[in-house]
2 protein chains.
Amino acid sequence: MTAPTGVLDALKAALGEGGWSQDPDRLAPKLVEWRGRWRGSTPLLALPGDLEQTAAVVRICAQAGVAITPQGGNTGLVNGQIPQGEILLSTERLNRVRDADPSDDVLVVEAGVTLAAVHKAAARIGRRFPLSLASEGSATVGGLISTNAGGVQVLRYGTMRDLVLGIEAVLPDGSVLPGLKRLRKDNTGYDLKHLLIGAEGTLGVVTAAALKLFPVPAGRATALCGLGSAADAVAFLALAKTATGGAVEAFELIGRTGIELAARNLGLRDPFSAPHPWCVLIETAAAEAGAAERLLETALAEGFEAGLLADAVVAQSESQAAALWNLREGQSAAQKPEGVVWKNDISVPVSSIPAFLQAADAAVQALAPGARVAAFGHVGDGNIHYNIAQPPGGDGAAFEALRDAGARAVNDVAASFGGSISAEHGLGAMKPAEAARYKSEAELAAQRAVRAALDPGRIMNPRVLF
Amino acid sequence: MTAPTGVLDALKAALGEGGWSQDPDRLAPKLVEWRGRWRGSTPLLALPGDLEQTAAVVRICAQAGVAITPQGGNTGLVNGQIPQGEILLSTERLNRVRDADPSDDVLVVEAGVTLAAVHKAAARIGRRFPLSLASEGSATVGGLISTNAGGVQVLRYGTMRDLVLGIEAVLPDGSVLPGLKRLRKDNTGYDLKHLLIGAEGTLGVVTAAALKLFPVPAGRATALCGLGSAADAVAFLALAKTATGGAVEAFELIGRTGIELAARNLGLRDPFSAPHPWCVLIETAAAEAGAAERLLETALAEGFEAGLLADAVVAQSESQAAALWNLREGQSAAQKPEGVVWKNDISVPVSSIPAFLQAADAAVQALAPGARVAAFGHVGDGNIHYNIAQPPGGDGAAFEALRDAGARAVNDVAASFGGSISAEHGLGAMKPAEAARYKSEAELAAQRAVRAALDPGRIMNPRVLF
C-alpha cells in the first residue's frame with residue numbers, strides 16, 4: 001500500500017512543523033525492531049503533539065483508507081510496531097505527566113511517557129506504580145497498555161490491565177473516546193477501555209491513561225530456596241501465600257541448568273553447597289517495618305516443616321538481595337554463549353506447572369535429543385520462560401532449523417493444559433496464525449466482528465492480530 | 001413481541017422435562033422485581049441445566065429472532081432482569097461448583113451459584129473470595145459478573161471484574177465461548193471476557209466462571225473515627241493507606257444525619273459523647289496475628305497528629321466491631337421511617353468527594369428546601385450513597401414528585417466532577433437514556449457498533465443498555 005500524495009500533504013498540514021518527518025536518519029531507529037529481527041518502511045513518520053493532532057491523523061487516514069501503525073518505545077517482541085508501508089504514528093511527543101494525585105492514588109500520563117518516568121512521578125508523591133520490566137527506560141504507557149504488559153509483580157498486582165483506571169483514545173474513525181476517568185466504580189455500559197487494553201493498536205490509538213498508584217511498602221525481604229522438584233515449588237507458593245496473607249510479591253523459579261549456566265557464563269555464585277534441582281527466589285513486602293522479614297521467616301519455617309524446602313538463604317542486606325536477583329535476571333544473558341536458544345512466551349495454570357514441565361521436556365527431547373531446557377520465571381502467574389538451548393557442542397544451524405517445530409511442540413503442550421501461547425508479549429504480526437490454532441471458531445468470529453465494527457476499513461495496524 | 005408456538009415447542013424439546021415451566025406459580029417470583037417496582041411477563045421460563053442446553057436455547061431463539069432476558073438471583077435494582085414478553089432464561093439450575101484449587105487460587109463455579117455459596121466453597125479450601133454485598137444469599141455469579149458488582153471491599157480488591165480469571169458463555173448466535181481459563185497472564189487478542197463483564201446480559205449468557213481466590217487474613221481491626229469534615233476524611237484515607245501499606249480494607253463514611261437517624265429509628269448508640277459532623281468506619285486486615293491492630297493504631301495516631309481526627313473508638317472485640325458495622329449497615333433502614341427518600345448510585349474521584357458533597361447539597365436545597373442529605377458509603381472508591389430524605393414533616397407526595405428532578409440534579413453534579421451516574425448497579429432498562437446524556441457520541445456509537453456486531457438481531461436483553 002502506498003499513501004497518495006494528497007494524504008501525506010494533509011497529514012503534514014495537520015501536524016505542522018516538527019510534527020512529522022521523512023528524514024531517513026530520523027526514521028531509521030523506528031523502522032527496525034530493537035533486536036534487528038524485523039525491518040520496515042513508511043512514507044511518513046507522524047509525531048502528533050497532542051490529542052487533537054492524533055485525532056486529525058487518524059481521521060485523515062480513515063477517510064482516505066490509508067493504514068497506520070502506532071509505535072511507542074519500540075520494545076515489542078512480536079512485530080506489532082514496525083510498519084510495512086503504513087503511516088508510522090509515534091507517540092514520542094505525547095510525553096506529559098498531566099496529573100499526580102495521592103488522594104485519588106492516580107497518575108495521569110500521556111501515551112509516550114516511559115515506564116521509568118511513571119515510576120519517578122509516582123515516587124515524587126510518595127506512591128508506587130507496581131509494574132516493572134527490563135525495558136522500562138524505553139517502554140511507554142501506550143505500548144504497555146496496548147500489549148497488556150506483565151513483569152515480575154503480577155502475582156500481587158496483576159498486569160497492566162489491572163492498573164489502568166481510564167483511557168483517552170482516538171478510535172479508528174478519528175473520533176475521540178474521552179475515557180480518562182479516575183473512578184474505581186463505574187458501570188454504564190460496555191467498558192471500552194478493556195477492549196483497547198491488549199488490542200495492540202488495532203482498535204485505535206491510546207493517547208493518555210489514568211494509572212492506579214499504591215502505597216510504598218515499608219520493608220522487603222528476599223530469600224533463595226533450594227527445592228527437589230517443581231511440584232515442591234508450586235506447593236511452597238500456596239503455603240507461602242497463606243502463611244504471609246498475600247505478602248509474597250515475587251516467586252521466581254530457576255532450574256538447575258540455569259544456575260549452572262549463570263555460574264559458567266556470568267560468574268554468578270550458587271549460594272548453596274549442594275546442587276538443588278530447582279531454586280525459588282521469594283520476596284515479601286509489608287507495610288510495617290520488620291514485618292516482611294518476619295513473614296518470610298514464617299513462610300520458610302513452614303516450608304521446611306512441610307518437607308518442601310531443602311535449603312534456604314535469606315538476604316541480610318540490599319546487596320545480598322541484589323545478588324540473588326542477579327541470578328534470576330541474568331538467566332537470558334547466561335544462555336546466550338551456549339549457542340542457539342529457542343524461546344517462547346507460554347503460561348499455564350499454576351497447578352499445572354510441574355506436569356507441563358515434564359510433558360514439554362519429553363516433547364523437546366523427542367524433537368531435539370540432548371537439547372538443554374533452562375526454564376525459569378514466574379511461578380505465581382504460571383508464566384514460565386521455557387527456554388531451550390541447543391545440545392552442547394551440537395549443530396547450531398540444525399537446531400535453528402527446528403525452531404518453529406520446537407515452538408509448535410511447546411505451544412501444543414501448554415495448550416493441552418489450558419495454557420496460553422502468548423502470556424506477556426501479545427501476537428503482533430508474528431503469532432496470529434499460531435494463536436488461531438488454539439482458539440475456537442466462535443471466539444475468532446467474535447474477535448473479527450468486533451474489529452470490523454470499530455474499524456470497517458481495517459486501517460489500524462492491519463497486519464496485527466486476527 | 002410474542003414467540004411463535006413452534007419456537008416454544010423447540011425450546012421445550014431442547015430443555016426436556018424439568019428444564020422449562022409455564023406454571024404461573026413457578027414463574028411469579030421471577031416476574032417481579034424484589035421491591036415490587038417492576039413486573040413483567042414471559043411466554044416461557046427456560047431452565048437450562050448445562051452449557052449445551054443454554055446454547056440450544058439461545059440458538060433456537062437467535063434463529064427465530066425471539067428475544068431473551070437472562071436472570072440470576074433477581075436482585076438487580078435497575079430493571080435489567082424482568083422480561084416484558086421475552087423468553088426468561090434463568091440460570092437457577094446452573095448451580096455446580098466445578099472445581100476449587102488452592103494451588104491455582106481458583107474457584108470454578110456455574111453462573112447460578114450464589115455469592116454465599118462461593119464464600120463457603122472458598123472457605124472450605126482455606127481461601128477467601130473478597131466480594132461481599134447485602135444480597136449475597138440470592139445474588140448469583142452470573143449476575144455479579146453481568147453487572148460488575150462492587151461492595152465494601154472494592155478499595156482493596158476491586159470489583160467483580162478484577163476477580164474473574166475466565167468466563168464460559170453462550171454468545172448471541174448460540175455459539176459457545178469456551179473461556180474458562182485460569183491464567184493470570186494471557187495476551188492473545190481482545191479479551192472478550194471483559195466485554196461480557198458488565199454487559200448486563202446483552203452480549204450473551206455467562207454460564208460459568210473461574211474466580212480468583214485470596215489468602216484469609218490472620219487478623220482484622222476496626223475503629224470508628226469522628227471527624228470535622230469530609231475533606232478530613234479524604235485526607236485521612238490517604239494517610240491511612242500510606243501508614244498501613246495498603247492494609248485498609250474498608251473506609252466507610254457516615255454523616256451526622258445518618259448517625260442521628262440510626263439512633264432515633266434503630267436505637268443504635270453514637271459511641272462519641274460529642275456530635276461529630278462526620279464519622280468514618282475504618283477496618284484493617286493483615287497476614288500476621290496482631291498486625292492489623294498495630295497498623296490501625298499507627299494510622300489513628302498519625303491521623304490525630306495531623307489534626308484530621310477529633311476522636312476515635314477501637315473495637316476491643318468482635319461484638320464491638322459488629323456494633324460499629326451496624327451503624328454503617330443500618331443506614332438505609334434508619335432512613336426508611338423518615339418518609340420518601342431519593343437514592344442514587346453515583347461515584348466521583350476520591351479527591352472530589354468534599355467538593356461534590358458541597359455542590360450536591362446546594363443543588364438539592366435549591367430544588368427541595370429542607371430536604372435532609374444522609375450521605376454514607378465507600379470513600380475508598382468514591383461511591384458515596386448520596387441519599388436524601390424528605391423535609392421533616394413535609395409533604396411526601398410533593399417530594400416524590402421531584403424524585404426524577406432530584407436524580408438529574410445529583411447526577412449532573414457527579415458528572416461535573418468526572419463521576420459516574422451508575423457506580424454499582426448498572427443501567428438496566430431504567431437508566432440508559434439518563435446515562436446517554438453524559439456520554440460522548442463517539443462512545444455511544446462504539447458501544448452500539450460492538451453490540452450490533454455480536455448480536456445483529458438484538459435478541460439478548462433488548463430493552464437493556466444502548
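## Interface between the chains

The contact (heavy atoms within 4.5 Å) takes 81 residues from chain A and 81 residues from chain B. This is a predicted model, in which local features need pLDDT of at least 70 and side-chain atom pairs count only at pLDDT 80 or more, while totals for chains, interfaces and linings use all residues. Residues are numbered from 1 along each chain as its sequence is written, chains are lettered from A and ligands numbered from 1 in the order in which they are written, and side-chain values use heavy atoms, with hydrogens and water left out.

Between them, chain A and chain B bury about 6400 Å², 57% of it on carbon and sulfur atoms. Buried area here is the accessible area (1.4 Å probe) that two parts lose on being put together, summed over both. Of the area that chain A buries against chain B, 16% comes from A:Lys185, A:Asn187 and A:Tyr190, more than from any other three residues.

Ten salt bridges are found across the interface of chain A and chain B, each a side-chain nitrogen of Lys or Arg within 4 Å of a carboxyl oxygen of Asp or Glu. A:Asp381 and B:Lys185 meet through their side chains in a salt bridge, at 3.6 Å from N to O.

## Five-stranded sheet of chain B

Strands are DSSP runs (E, at least two residues) and helices likewise (H or I, at least four), numbered from the N terminus. In chain B, five strands form an open, antiparallel sheet in the order E5-E6-E10-E8-E9. Two strands pair if DSSP finds at least two bridges between them. Strand E5 (97-101) and strand E9 (176-179) of chain B each have a single partner strand, so one side of each is left without a neighbour in the sheet.

Strand E8 (residues 164-170) of chain B is joined to E9(B) by four bridges, and the two run antiparallel. B:Ala169 stands opposite B:Leu177 in E9(B). Helix H3 (residues 51-64) of chain B packs on this sheet and touches E8, E9 and strand E10 (205-212) of chain B. The direction of H3 makes about 50° with that of E8(B); axes are lines fitted to C-alpha atoms, for helices over the stretch in contact, and angles run from 0 to 180 degrees between N-to-C directions.

## Strand E12 of chain B

Strand E12 (residues 219-227) of chain B has eight of its nine residues buried, so it is largely enclosed by the rest of the structure. Buried means under 20% relative accessible area, exposed over 50%, partly exposed in between (1.4 Å probe, protein chains only).

E12(B) pairs with strand E14 (residues 278-286) of chain B in the antiparallel sense over nine bridges; B:Leu224 has B:Leu281 in E14(B) as its bridge partner.
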